[in-house]
Amino acid sequence: MYRLSLKMLIASVLSLFSWASLPAWAQPSTPIVQWELHIMQEGRQVASLAGQTPLGQSHTETNRYLVSPALGCDQAAIELARTIIITPDTLTDQAVTFALETRETLEKPSASALLNCASPASPRIVNASHPRLVVPFNAWATWQILPRNPMLVYRLRARLSHS
């Protein structure tokens, strides 16, 4: 028969425990990226979002809001919406690269609505995506979605979360 010495038995058990715990310390945890996004329209901030998202995962947010007609116009308010998908994609020592997708429903007033309130403003839908917006840590990066009518810019900054 085969006999194990006490030392061999202890060594075997310790070896088993060390191999069993290997995945727990061998796999680095997924970095969490803290980000802040400002939506700028015609040079002024109209909305902001903030979040903490694990690297490689997406955060989706939809905001809806009503826009009232011009004073004195007897029209119903129109509903506008903004959906943003933000994904911190890759990480370097100095920056985070994000993938961004957006769908903006913007107010597009008609000429007759501005002159005499005859027809209501109609919404304008803008879809845009940026596959690789590089955002240096603790600095703002900008993405111009529309150059005019209205000028629409997203400003994004990020840092690693230490939680």
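What percentage of the 163 residues of the protein chain count as buried?

1. Of the 163 residues, 28% count as buried, where buried means under 20% relative accessible area, exposed over 50% and partly exposed in between, with a 1.4 Å probe and protein chains only. This is a predicted model, in which local features need pLDDT of at least 70, side-chain atom pairs count only at pLDDT 80 or more, and totals for chains, interfaces and linings use all residues. Residues are numbered from 1 along each chain as its sequence is written, and side-chain values use heavy atoms, with hydrogens and water left out.

2. The protein chain holds two helices and eight strands, arranged along the sequence as α-β-β-β-β-β-α-β-β-β; these elements are DSSP runs numbered from the N terminus, helices being H or I of at least four residues and strands E of at least two.

3. Confidence, given per residue by the predictor as pLDDT from 0 to 100, averages 83 over the protein chain, and 74% of the residues score at least 70. Confidence is lowest in helix α2 (residues 111-116), with a mean of 50, and highest in strand β7 (residues 141-146), at 97.

4. The loop between β7 and β8 (152-160) contains P150, and the peptide bond from N149 to P150 is cis, with omega near -10°. N149, in the loop between β7 and β8, has a positive phi of about 55° although it is not a glycine, and N149 counts as exposed at 60% relative accessibility.

5. E42, in the loop between β1 (32-41) and β2 (44-54), likewise has a positive phi of about 55° without being a glycine; E42 is exposed, with a relative accessible area of 52%.
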